[in-house]
Amino acid sequence: MALPMFRYVMKRREARWCLYRSLYNSSHGFNEAEIKKKLAQYSGGSVLLRKGEDGIAELCMNNPSRKNAITGTMMLELEERISDLESWSEGKALVLYGAEDTFCSGADLSAVNAMSSPKDGLMMCMFMQKTLTRLQRLPIISVALVQGKAIGGGAEMSTACDFRLMTEGSEIQFVHKHMGIIPGWGGASRLIQLVGSRQALKLLSGALRIHPEYAISIGLADDILSSTADRALEEAQTWIRPYTKGPANVIRAIKSLVVSGREHFLEDALRKEKDIFGTLWGGPVHLQALSKVFKPN
């Protein structure tokens, strides 16, 4: 490709990345400043980012006392860490995992219970859809390391990565039905892309526990790691390393190319997921489910 044409293509891709960041705006009823202010009220845990000199980063959901449930401040930190990764020109890959051998148990119930109104639920839905869509569209290759449980929002987060690795005894479960809702962070739209509509319908309507072997058989997981818990992160890095060989700009160009090819109509699907989510959040079944499981501190 001639140099002027290459520059033109890359500028077009950069423009697309900017558009991707505006999945929702005020025309969709989204007020980013308002939802950030509300999320900041629900603190706890952290999201830790470490960039390796080899171009492989580690992103850790760190809230082990609550099985790495995502608090409001963690949602804000996750967005900040993704912004950092978007501008990391030397980056090639990312391993997403949870602290102390547990991936993520979904949204922290303290925040969920406090934001149970339909308006707040939709605002959080749009914020997390934007954040996880940016994770999915990072110009680096991402892999979710699923240890322990990836439940609810944690299951949704795992689908935002390019690959999923599971350790022995781990499981992924879309438990949203039991809470009287559906996935709202984009997990349903991504799950359908990954496993097809028939399998997705089984997993969502049955709230099935997806063990490693089953995940492999339906195409949700890419490999089962054999390492002990304390070596799983190292094994995940070893697993992803063959796909990062070569200059960073080439790896990033390949990832951008794949993103462009796979995401036709994705934004329409995400917005439809948001609309259906909004009909259930804060409804009688959802509030009844919350009253059963939420235990104030």
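**Strand pairing and helix packing in the predicted model**

Strand E1 (residues 46–51) and strand E2 (residues 56–62) run antiparallel and are joined by 6 bridges. The structure described here is a predicted model. E1 and E2 form a hairpin with 4 residues between them. Glycine 55, which lies in the turn, has a positive phi of about 85°. Within this pairing, leucine 49 stands opposite leucine 59 in E2.

Aspartate 84, a residue of helix H3 (residues 72–86), is in contact with Leu49 and Lys51 when its neighbours within four places in sequence are left aside. The C-alpha atoms of aspartate 84 and leucine 49 are 9.1 Å apart, while the two residues are 35 residues apart in sequence. The relative accessibility of aspartate 84 is 31%, so this residue counts as partly exposed.

E2 has a further pairing, with strand E3. The two strands pair in the parallel sense over 6 bridges, and the bridge partner of glutamate 58 in E3 is valine 95. In strand E3 (residues 93–98), 6 of the 6 residues are buried, so the strand is largely enclosed by the rest of the structure. In a regular strand, side chains alternate between the two faces of the sheet. Both faces of E3 are covered: Ala93, Val95 and Tyr97 are buried on one side, and Leu94, Leu96 and Gly98 are buried on the other.

The loop between E2 and H3 contains lysine 67. This lysine has a positive phi of about 55° although it is not a glycine. Lysine 67 counts as exposed because its relative accessibility is 56%, and the cut-off for exposed is over 50%.

A separate open sheet is made of 3 strands in the order E5-E7-E8, with mixed pairing. Strand E5 (149–151) and strand E8 (209–210) stand at the edges, and each has a single partner strand, so one side of each is left without a neighbour in the sheet. E5 pairs with strand E7 (residues 171–173) in the parallel sense over 3 bridges. In E7, glutamine 173 is the bridge partner of isoleucine 151.

Alanine 207 is located in the loop between H8 and E8. Its phi is near 45°, a positive value in a residue other than glycine. The relative accessible area of alanine 207 is 5%, which means that this residue is buried.

Two helix pairs were examined. In one, the axes of helix H2 (residues 32–39) and helix H5 (residues 118–136) come within 10 Å and cross at roughly 100°. H2 and H5 are therefore roughly perpendicular to each other. From H2, the contact is made by Glu32, Glu34, Ile35, Lys36, Lys38 and Leu39. From H5, Lys119, Asp120, Met123, Met124, Phe127 and Lys130 make the contact. By class, the residues of the contact of H2 with H5 divide into 5 nonpolar, no polar and 7 charged.

In the other pair, helix H7 (residues 187–195) and helix H8 (residues 197–206) pack at an angle of about 130°, and their axes are 7 Å apart. The angle makes H7 oblique to H8, and the crossing of the two helices is right-handed. H7 contributes Ala188, Leu191, Ile192 and Val195 to the contact, and H8 contributes Ser197, Gln199, Ala200, Leu203 and Leu204. The contact of H7 with H8 has 7 nonpolar, 2 polar and no charged residues. An α-helix has 3.6 residues a turn, so residues three or four places apart point the same way.

The buried residues in H7 are Gly187, Ala188, Ser189, Arg190, Leu191 and Val195. Among the elements that cover them are H5, helix H6 (153–159), H8, helix H9 (212–218) and helix H12 (266–280). H7 is followed by glycine 196, whose phi is positive, near 90°.

Conventions:
Residues are numbered from 1 along each chain as its sequence is written. This is a predicted model: local features need pLDDT of at least 70, side-chain atom pairs count only at pLDDT 80 or more; totals for chains, interfaces and linings use all residues. Side-chain values use heavy atoms; hydrogens and water are left out. Axes are lines fitted to C-alpha atoms, for helices over the stretch in contact, and angles run from 0 to 180 degrees between N-to-C directions. Angles under 35 degrees count as roughly parallel, over 145 as roughly antiparallel, 65 to 115 as roughly perpendicular and the rest as oblique. A crossing is left-handed if the near helix is turned anticlockwise from the far one by less than a right angle, and right-handed if clockwise. Contact means heavy atoms within 4.5 Å. Ala, Val, Leu, Ile, Met, Phe, Trp, Tyr, Cys and Pro count as nonpolar, Asp, Glu, Lys and Arg as charged, and the others, Gly among them, as polar. Two strands pair if DSSP finds at least two bridges between them. Buried means under 20% relative accessible area, exposed over 50%, partly exposed in between (1.4 Å probe, protein chains only).
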